[in-house]
Every structure is written in C-alpha cells, then in structure tokens.
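User: I want to learn how to read a ligand site and a helix pair. Can you walk me through one case?

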Amino acid sequence: MAAINLNGYVGFDSITQQIEKKLLKRGFQFNIIVVGQTGLGKSTLINTIFAAHLIDSKGRVNVEEPFRQTTEIQTVSHLIEENGIRLRLNIVDTPGYGDQVNNENCWEPIIKYIKDQHSAYLRKELTAMRERYIQDTRIHCCLFFIAPTGHALKPIDIVVLKKLSEVVNVVPVIAKSDSLTLQERESFKQRIKSELAHHNIKLYPYDSDELDENERALNESIKSLIPFAIVGSEKNVIIDGKSVRGRRNRWGVINVENENHCEFVHLRNFLTRTHLSDLIETTAQIHYEAFRSKQLLALKDQSSRQEQPQQSPQQSLA
Ligand SMILES: Nc1nc2c(ncn2[C@@H]2O[C@H](COP(=O)(O)OP(=O)(O)O)[C@@H](O)[C@H]2O)c(=O)[nH]1
Ligand SMILES: [Mg+2]
C-alpha cells in the first residue's frame, strides 16, 4: 500500500470554507420571542436593532401604520441581509402579558408556544422519512421586558422569569431606561440582580466547562450588564451632522447608540455579533435536549406499561 504523504498538502484545511459555503446556501434562521407588558417598547426595540437591514417583512415595519395591540401570539418574519449574508429573523410577539387585572397563568400560552415548537421539531425528527434539514422554529432567545419602575421586579415577573428560564434562553432588559436617572438605573439593576439570585433564576449565558478563557471573560462581562438598560426608537435624529436612532425630548436628545446614554449597543452586539450562534446552539443542546429526553422517557414508560402501544410515538407526543 502506498504510504500517505504527510508532507504533501491535501487540502482538508478548506473544510471551514466548505462548511461555510453549505451554511450560506442554507441560510440562517434566528427565532426570538419578546415578552412584556404592552407599551414597554418591544416592537420599537426589535425595529431599532434590525430595521436598518430589513429587506422584506411580513408585518408592521412602517411607522405610519397604526399600532395594533397584540392580542394573540403572532410571528413576523423578516429577511435581513448584511454583506451578502441572509438571516431569516422570526419575531414572535406575545399578547399583552401582564396587562390584565388578573394575571394568573398569563404566561401559560407563552410557555406552551415554546414547548410546541420543541414538540414539532421532535415529531419531525422521529418521522421515518425525515427531511434532511428540519425547518427550525424553536425559540432561540426570549427578550423579557422589565418595566422601568425603579423599585423591584413585580411578583409576576419573578414567577414568569423562573418558568421561562427553564425552557428558553432568557435575556431580561430594563425597558425605556431613559425614564430613569443613571443612578436610579444602576440601583434598579443591582436590585434586579439580587432578586434573580435570590430566586435562583438561571439566565443565559450559562457556565460551561467547554469555554476557553476569552469566552469566559466575555460571558462575565455580559452577565455584569444583564439586565441591559435599553432605549429604543423608530426615528432618526441628527447629532453632529449624522443621522442616528434617537429620541428627542424637552431636555435634549438621547442617542440610542451612545454607550453613555444606554446599553442598547451592548445588547445588539451580544445578540448579533457575539452570541447569535451560541444562542442557537444552546437552544438545541440544552433546552431542546431537556425536552426531548423527557418526552422520550415518557414514551418508553408508556410503551413498557402497555404491551401493545395504542399510538405511534409521533401521535402520542404532546
Ligand atoms: N421613552 C421611551 N419611549 C419608548 C421607548 N421605546 C418605545 N417607546 C415608545 O413607547 C410606545 C410603545 O412602544 P411599542 O414598541 O409599540 O411597545 P410594545 O407594545 O411593547 O410593542 C411608543 O410610543 C414608542 O415610541 C424607549 O426606549 N423610551
Ligand atoms: Mg408591540
């Protein structure tokens, strides 16, 4: 047998380009859910983060269109493009969570929605003739909007954060943080942090042994910023001759992109530049995996109890 020529160049270092080419062809998909009371600026924030790159959308993108209060869970799909890379962004808007006088179980439709996506994915995975590439509707990130009260989390927020963090990557933000002074903002943030710790609410990014030093340091800096104090705007204002996203009020102008004004840029970098891929991976490896093993165990239990299973696995999935 001819010896393998280890000195010669065989070209497997092109594997990253091969993977890249395949991924680019397939495109990327990112599914995000926004949760929080009506009027906290959910739609505005999403628009502020991604609007500059929108190339097609189904749903409200135009400021002139009337606001409609969201009454049921609905998805808006945007195709965004940057330097030839296309990202399919699905934004799931939730009904005015916490808007009612009685908010008992108001989180249930949201949790159900998230689990339904896992369930649909699992069903497709279990199909004998399964598609080679399964359309992924699993939620990769949940932006949770905290009202800028300056006091503390509401009891309902704590309950819902706890429930959500068990099924999805949750990223809390302090909405409309321009309504707080910098000092109020900081103490509110610290208060929220200690409440989250007190209630043992585990938020993304999670600790992992697989992280290298740099990744660990990056995650620590992200964790120190969470909850991001953000400001959104659908309007541009002129600052120093440049048109930027901002809000003009009686006292001056807030530049959404200025780090001294708010943490919008940190949130955007985190979502789009540093953690986009990890949010997707973590969804598959942690949240979906937990769902999947629970479902499969339940199925096994079920079939060992009855000799003749009445249903096919697909049918009996929740
Ligand atoms: N002061 C301030 N107002 C905001 C901010 N974000 C959005 N708004 C305003 O709040 C209102 C409700 O925003 P919207 O995005 O529709 O809230 P949603 O119901 O949570 O989707 C609009 O008039 C926005 O212009 C913000 O960061 N600061
Ligand atoms: Mg909205």
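Analyst: We take the ligand site, then the helix pair. This is a predicted model, where local features need pLDDT of at least 70, side-chain atom pairs count only at pLDDT 80 or more, and totals for chains, interfaces and linings use all residues. Residues are numbered from 1 along each chain as its sequence is written, chains are lettered from A and ligands numbered from 1 in the order in which they are written, and side-chain values use heavy atoms, with hydrogens and water left out.

User: Which residues come nearest to ligand 1?

Analyst: A residue is near if one of its heavy atoms lies within 4 Å. Ligand 1 has 14 residues around it, and Gly 39, Lys 42, Thr 44, Asp 178 and Gly 232 come nearest.

User: Which helix gives the most to that shell?

Analyst: Helices are DSSP runs (H or I, at least four residues), numbered from the N terminus. H2, residues 42-50, gives the most, with three residues.

User: What about polar contacts?

Analyst: Look for a pair of N or O atoms within 3.5 Å. A backbone N or O atom of Gly 232 lies 2.9 Å from an oxygen atom of ligand 1. For a polar side-chain atom of Lys 176, the distance to a ligand 1 oxygen atom is 3.1 Å.

User: How do I read two packed helices?

Analyst: Packed helices are described by the angle between their axes and the distance between the axes. Axes are lines fitted to C-alpha atoms over the stretch in contact, with angles from 0 to 180 degrees between N-to-C directions. The axes of H2 and H7 (residues 264-274) come within 11 Å and cross at roughly 70°. That makes H2 roughly perpendicular to H7 (65 to 115 degrees).

Definitions and conventions. A polar contact is a pair of N or O atoms within 3.5 Å; within protein, one must be able to donate a hydrogen and the other to accept it, and residues adjacent in sequence count only if both atoms are side-chain atoms. Helices (H or I, at least four residues) and strands (E, at least two) are DSSP runs, numbered from the N terminus. Angles under 35 degrees count as roughly parallel, over 145 as roughly antiparallel, 65 to 115 as roughly perpendicular and the rest as oblique.
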